[in-house]
Amino acid sequence: MTVLYWLRNDLRLHDNAVLTALPPHATALLPVYCFDPVAMGPDPYLELPRTGPHRLPFLLETLADLQQRYAALGSGIHFVVGRPEEELPALARQAGAEAIWASAEHTTEEWETEDALEAALSPKVPLRFFETLTLLRPHDLPIPVRSLPYSFSKFRFDVFSKMTVRPAEPAPSQLPPLPTGFTPTVLPTAAALAAALGQPAPVGRLRDRRSALPALGGGETAALARLHDYAVERHLIGRYDDTRNQLLGEAFSTKFSPWLANGSLSARQIWAAIDDYDATHGARSKGAMQLRLELLWRDYFRLLALRAGVDFFRWRGLRDQLPKPINPDRTVFERWTQGRTGNVFVDANMRELAATGFMSNRGRQNVASYLIHDLHQDWRWGAAWFEHQLIDYDPASNWGNWKYIAGTGTDVRDTAFDVDQQAQRYDRQGRYVRTWQQP
Ligand SMILES: Cc1cc2nc3c(=O)[nH]c(=O)nc-3n(C[C@H](O)[C@H](O)[C@H](O)COP(=O)(O)OP(=O)(O)OC[C@H]3O[C@@H](n4cnc5c(N)ncnc54)[C@H](O)[C@@H]3O)c2cc1C
């Protein structure tokens, strides 16, 4: 049996249901990564590349690492620039593949690509999806996804309490070889890729010494090193609840998000590390509990996206509520993107984002609230800017959090933050603002 494996946001060997499902009689495997010009190209709101200056190099680092890890197991990766529905059917024919396997995504644009691919494939080559991106498999829920509660607390207490997180699956020790006639292709450089996608050449990733991200780079090797360092070497899970709202340094929160977003780290692997932490330290610490809760929020947004479909990305609320009136003004919006609003706390956060592709959760909540509730701009512009800038962009977490802060999520309460009060509380000495005073 020959399988074409369409690599998506599952760029790892560990806990990968696609690889685990390969039968012993699989004779060949063709792992293919498509640089999709639509998924990476301009967004409809700001017309900026969705995979922007921070995420593109991080993705390439991730793929370079994965290529090496595949090679060590006797396999390799075939890279193509093009739409999956145009590239994969021809490759499947050439390889003599009997099936295409991939990880399931949970958001509408990704479904459109899946539908287009299915339509372009011969019925003799079935397309099969595996759940690899969440802690919980949507099919394991004790209720149908269409009945998912529109309240995180209700989800947590009524649904999650009846479930268990399946254990993380081990990485394979060997992979089937590439099909006859295939050799691993060369990973394109950022400049070559930008040229092929018709985008401006990237300036290259310079590490800002003020960055809150650990200096590890992309890929599964770095992700597992960070997990080990955070959970085992430095026991930081125990302190997580006390530090997670801080703003400076690499240790205040896990910084797992960039690896989680492209799947070089699995949420279930983190869950297992928390279990180990609890087992070693003898108690269910507050930090461990809080970290589990954050991972559950990540799943909740994915499940909500799955339930809401296209409504998840719409201007109106999930309960059909209307956002507050806006006064759209591109100059006001651009000043926000550049960290020139005049509010020093907001500006510091926006400068950190532009310089590093990362911003703390506290920062994200405040700058989003400021754009929506103080500057009265369209929340979807803010979400599109984050999509372009964030190194850890994830469609469900990004659009779900923005929708929530715009008051158009599952909550009907006023979700505005008092940004000045927040700055006082979380940056009392002004250290964060001083750190990011300069762009
Ligand atoms: C406006 C806005 C946009 C956001 N956009 C994204 C995004 O595109 N990608 C993304 O991964 N997160 C997003 N978040 C959620 C959160 O800010 C980041 O996950 C977190 O700051 C990443 O840092 P960390 O890994 O150190 O998080 P930690 O505090 O260490 O949390 C551990 C993990 O839990 C998950 N998590 C934590 N908080 C949230 C949350 N509020 N929603 C969903 N998952 C959460 C993340 O996977 C995170 O890596 C957004 C939040 C806001 C308010």
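Buried means under 20% relative accessible area. The model is predicted.

Q: Is Asp-241 buried or partly exposed?
A: The cut-off for buried is under 20% relative accessible area. Asp-241 has a relative accessible area of 19%, so this residue counts as buried.

Q: Which residue meets Asp-241 in a salt bridge, and at what N to O distance?
A: The contact is between side chains. The partner of Asp-241 is Arg-244, and the N to O distance is 3.4 Å.

Q: What relative accessibility does Arg-244 have?
A: Partly exposed lies between the buried and exposed cut-offs, under 20% and over 50%. Arg-244 counts as partly exposed because its relative accessibility is 24%.

Q: How many residues apart are Glu-220 and Arg-69?
A: Their side chains meet in a salt bridge at 2.8 Å, N to O. Glu-220 sits in helix α8 (residues 220–233) and Arg-69 in helix α3 (residues 55–72). The pair links distant parts of the chain, 151 residues apart.

Q: Is Glu-220 buried or exposed?
A: Buried requires under 20% relative accessible area. Glu-220 has 1% relative accessibility, so this residue counts as buried.

Q: Where does Arg-166 lie?
A: Arg-166 forms a salt bridge with Asp-140, the closest N and O atoms being 2.8 Å apart. Asp-140 is in the loop between β5 (127–130) and α6 (152–159). Arg-166 lies in the loop between α6 and α7 (190–197).

Q: How many salt bridges does the structure hold?
A: The pairs above include Asp-140 with Arg-166. The count for the structure is 25.

Terms used
Residues are numbered from 1 along each chain as its sequence is written. This is a predicted model: local features need pLDDT of at least 70, side-chain atom pairs count only at pLDDT 80 or more; totals for chains, interfaces and linings use all residues. Side-chain values use heavy atoms; hydrogens and water are left out. A salt bridge is a side-chain nitrogen of Lys or Arg within 4 Å of a carboxyl oxygen of Asp or Glu. Helices (H or I, at least four residues) and strands (E, at least two) are DSSP runs, numbered from the N terminus. Buried means under 20% relative accessible area, exposed over 50%, partly exposed in between (1.4 Å probe, protein chains only).
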